[in-house]
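Subject: Structure handover and notes

Hello,

Please find the structure below, followed by notes on what was found in it.

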Amino acid sequence: MTQAFIDVLAGQRQAVPPIWMMRQAGRYLPEYRELRAKAGGFLDLCFTPDYAVEVTLQPIRRFNFDAAIIFSDILVIPYALGRSVRFEAGEGPRLDPLDTPEKIATLAAKADFTKLEPVFEALRRVRAELDSRIALIGFCGAPWTVATYMVAGQGTPDQAPARMMAYRHPDAFAKIIDILVENSIHYLVGQLRAGANALQIFDTWAGVLPPREFLRWSVEPTRRIVEGVRKAVPDAKIIGFPRGAAGLLPDYVATTGVNAVSIDWTAEPAMIRERVQSKVAVQGNLDPLALIAGGAALDRAVDDVLANYGKGRLIFNLGHGIQPETPIAHVEQMVRRVRDYKG
């Protein structure tokens with residue numbers, strides 16, 4: 001049984017685009033909130049296979065999406081590198097900052113992947129339970145985005161601490177990037193071998209970089225990861241998501257070798273169609289706020305995505321993650337609208 005999601009990544013347009021949502025396993029679902037309260041800490045949720053499997057499958061049971069994405073976090077690589085990683089309620093991740101070259105020099109070169117064995121175990125179990133028509137996605141954070149959290153010790157409005165480190169101490173910053181590249185390759189290959197059918201590389205903070213720095217810190221590390229993964233798994237299907245990259249996307253696609261690129265809701269449709277979707281599949285790009293709004297506004301927004309990209313290779317998704325306050329009925333409305341598409 002073929003998977004429509006994988007077929008699109010392999011070059012075959014689907015008349016009805018496959019659909020899933022970033023952050024589809026999350027706080028908008030009451031069953032997730034119930035399990036989250038039971039699990040205790042966020043990392044306990046990620047690293048307890050029983051919990052991670054259940055959370056991964058919850059949105060599939062509700063919406064029958066065409067792909068599941070393993071429940072984990074982009075900061076598990078720093079955790080496996082021996083960094084302190086914790087999640088403060090309502091405040092997001094906290095790490096011990098690598099805010100000087102001297103601190104960066106203490107960073108371990110190789111992760112302890114036994115710490116990530118629960119993720120691999122969850123992947124094996126989810127793949128065994130999923131219908132064969134539903135793809136399973138593994139993922140990692142792109143080196144640039146993960147490094148921004150490692151340098152600052154937390155998220156900041158424009159990730160200025162990492163940007164400043166990259167300008168002032170490029171050699172030290174490059175050490176973080178190099179370590180993340182090598183360990184991300186190992187992690188992604190492990191996810192494929194554990195049952196993932198495709199991978200996504202999340203570069204959430206790519207859009208804060210000017211073009212020269214974007215090429216150095218976002219595009220080139222991603223290219224190295226794609227190359228490294230395919231050295232081990234030659235037909236690996238990989239989606240890149242350099243959020244906010246806009247007009248830099250054609251270069252990203254041409255250089256990295258990804259099978260698809262995820263676009264946010266600000267992308268200019270004609271440019272994407274002509275210079276991106278003509279080369280690779282496109283994933284996106286519904287505004288998550290339209291999903292909250294619902295009603296006629298949601299229908300129009302869904303129709304716009306389909307009108308803009310439905311004639312080419314499209315995986316329907318949001319332009320970023322679903323928000324916790326999103327009504328479940330609106331997700332159902334979106335799924336019906338996409339699956340009624342007569343492309």
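A crossing of two helices is called right-handed if the near helix is turned clockwise from the far one by less than a right angle, and left-handed if anticlockwise. Helices (H or I, at least four residues) and strands (E, at least two) are DSSP runs, numbered from the N terminus.

The model is predicted: local features need pLDDT of at least 70, side-chain atom pairs count only at pLDDT 80 or more, and totals for chains, interfaces and linings use all residues. Residues are numbered from 1 along each chain as its sequence is written, and side-chain values use heavy atoms, with hydrogens and water left out.

Helix pair. H10 passes H11 in a right-handed crossing. The contact between H10 and H11 involves 14 nonpolar, two polar and five charged residues; here Ala, Val, Leu, Ile, Met, Phe, Trp, Tyr, Cys and Pro count as nonpolar, Asp, Glu, Lys and Arg as charged, and the others, Gly among them, as polar. H10 covers residues 170-193 and H11 residues 211-232; their axes come within 9 Å and cross at roughly 35 degrees. Axes are lines fitted to C-alpha atoms, for helices over the stretch in contact, and angles run from 0 to 180 degrees between N-to-C directions.

Asp-178 is found in H10. At 35% relative accessibility, Asp-178 counts as partly exposed (buried is under 20% relative accessible area, exposed over 50%, partly exposed in between, with a 1.4 Å probe and protein chains only). From Asp-178 to Arg-224 the C-alpha to C-alpha distance is 9.6 Å, with the two 46 residues apart in sequence.

Core. The largest nonpolar core has 136 residues, and its largest share, 13 residues, comes from H10. Such a core is a set of buried Ala, Val, Leu, Ile, Met, Phe, Trp, Tyr and Cys residues joined through side-chain atoms within 4.5 Å. Phe-173 and Ile-176 are among the residues with the most contacts inside this core. Leaving aside residues up to four places away in sequence, Phe-173 touches several residues, including Ile-104, Trp-144 and Trp-217 (contact means heavy atoms within 4.5 Å).

Sheet. Seven strands form an open sheet in the order S1-S4-S5-S6-S7-S8-S9, with parallel pairing; two strands pair if DSSP finds at least two bridges between them. S1 (67-69) and S9 (314-318) are the edge strands, each pairing on one side only. The twist averages 25 degrees from one strand to the next. S6 (residues 238-242) and S7 (residues 260-262) are joined by two bridges, and Gly-240 stands opposite Val-261 in S7. Helix H12 (residues 249-256) lies across S6 and S7, at about 150 degrees to S6.

Regards
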